[in-house]
Amino acid sequence: MKRIVIADDSGTARMMIRRCLEIIGLQDATFEEAENGREALALVKKTATDLLVSDLNMPIMDGEALLQWVKASPKLVDLPVLIITSAGNPAKSEQLREMGAFAVINKPINPAILSEVLAPLLDNVKG
Amino acid sequence: MERLQAVLQEKLTEVLDETFGSMAFLGVCEASAADCATAGSLREAQLLVTEPVLMELHLATSEALLRQMVETLYNFDADQIEEHLINDLLAEILNTLAGRLMTALLPEQQTFALSLPELASEEERLDDKPLFEAFYLADDEPVIVRLQASGPQALLNLLQP
């Protein structure tokens, strides 16, 4: 069974992200949730993870810092990081992709866009 | 400032409808302050836009609408709805709305930064005449957006051409 970590300070957002991921075929994945970047980093360090989905704006450690930490770690550098944010625009999205984000999606999220963006990864994550 | 008001009204209406539609399959329609006067309690959340200009955005809506949206989103019965779910939903709607609004207002290459949304206490509600306010109804329930900016001219200068 494959593993996905969702990081967002909003429980509503985590629920919506998880629901969308289940709708696009990931209902059998193991989901773990984090309320901030520090919690998410601890989760991905502890157990092998196939996908990290993160908001940008979070307390304690934001999504940008989380992305930097992940991409700086030899163990985690290949972990795909999908940023789902309300604060993304083309300029910010480009910055985040240059930092190593797999993709950047703007909220509100929907299954169709998620499916399209994650298509290259889906076979690997569904396992 | 008339141009700013007109642009804010147009863009806010678009993104509010988009946000409510995507999150809870609800449409919004423009309304008046009188339409939004309600005997029921309103919940209000606030958020700061910290870059490129300093703005304060407030979103107020009825507790009844929030409860209805939580029921839909979580597929809960009414008695399963906890207070924190209602507050969290309001904060997330405001967070999403603020981001979409700034993206709609600003040129593509202009980044922006938002604070974390917070519930507004009675003292923190925008009672003074804000720079901009707009009234809507969603499923006959009030949705009110208020905006205050420290430098409205600076915001006007940044708007998409």
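Colleague: Which residues does Lys92(A) touch, not counting residues up to four places away in sequence?

Modeller: Lys92(A) touches Leu56(A), Glu64(A), Ala87(A) and Thr111(B). Keep in mind that this is a predicted model.

Colleague: Where does Lys92(A) lie?

Modeller: Lys92(A) belongs to helix 4 of chain A.

Colleague: Is Lys92(A) buried or exposed?

Modeller: Look at the relative accessible area. Buried means under 20%. Lys92(A) has 13%, so Lys92(A) is buried.

Colleague: Now the two chains. How do I read the size of an interface?

Modeller: Interface size is often given as the accessible area lost when the parts come together. Here chain A and chain B bury about 1,900 Å² between them. Carbon and sulfur atoms carry 54% of that area.

Colleague: Which three residues supply more than any other three of the area that chain A buries against chain B?

Modeller: They are Thr12(A), Ser86(A) and Pro108(A), with 27% of the area that chain A buries there.

Colleague: How many residues does the contact take from each chain?

Modeller: Chain A gives 23 residues and chain B gives 25 residues.

Colleague: What about charges? How many salt bridges are there between chain A and chain B?

Modeller: The count is 1 salt bridge. Lys107(A) forms a salt bridge with Glu92(B). Their closest N and O atoms are 2.8 Å apart.

Colleague: Which elements of chain A give two or more residues to the side that touches chain B?

Modeller: Two helices of chain A do: helix 1 (11-26) and helix 4 (90-98). Helix 1 of chain A gives the most, with 6 residues.

Colleague: What classes of residue make up the side of chain A that touches chain B?

Modeller: That side has 9 nonpolar, 9 polar and 5 charged residues.

Colleague: Last topic: cysteines. What is a disulfide?

Modeller: A disulfide is a covalent bond between the sulfur atoms of two cysteines. In this model the count is 0 disulfides over all chains. Take Cys29(B), which is in no disulfide. The nearest cysteine sulfur, that of Cys36(B), is 8.9 Å away. The cut-off for a disulfide is within 2.5 Å.

Definitions and conventions. Residues are numbered from 1 along each chain as its sequence is written. Chains are lettered from A and ligands numbered from 1 in the order in which they are written. This is a predicted model: local features need pLDDT of at least 70, side-chain atom pairs count only at pLDDT 80 or more; totals for chains, interfaces and linings use all residues. Side-chain values use heavy atoms; hydrogens and water are left out. Contact means heavy atoms within 4.5 Å. Buried area is the accessible area (1.4 Å probe) that two parts lose on being put together, summed over both. A salt bridge is a side-chain nitrogen of Lys or Arg within 4 Å of a carboxyl oxygen of Asp or Glu. Helices (H or I, at least four residues) and strands (E, at least two) are DSSP runs, numbered from the N terminus. Ala, Val, Leu, Ile, Met, Phe, Trp, Tyr, Cys and Pro count as nonpolar, Asp, Glu, Lys and Arg as charged, and the others, Gly among them, as polar. Buried means under 20% relative accessible area, exposed over 50%, partly exposed in between (1.4 Å probe, protein chains only).
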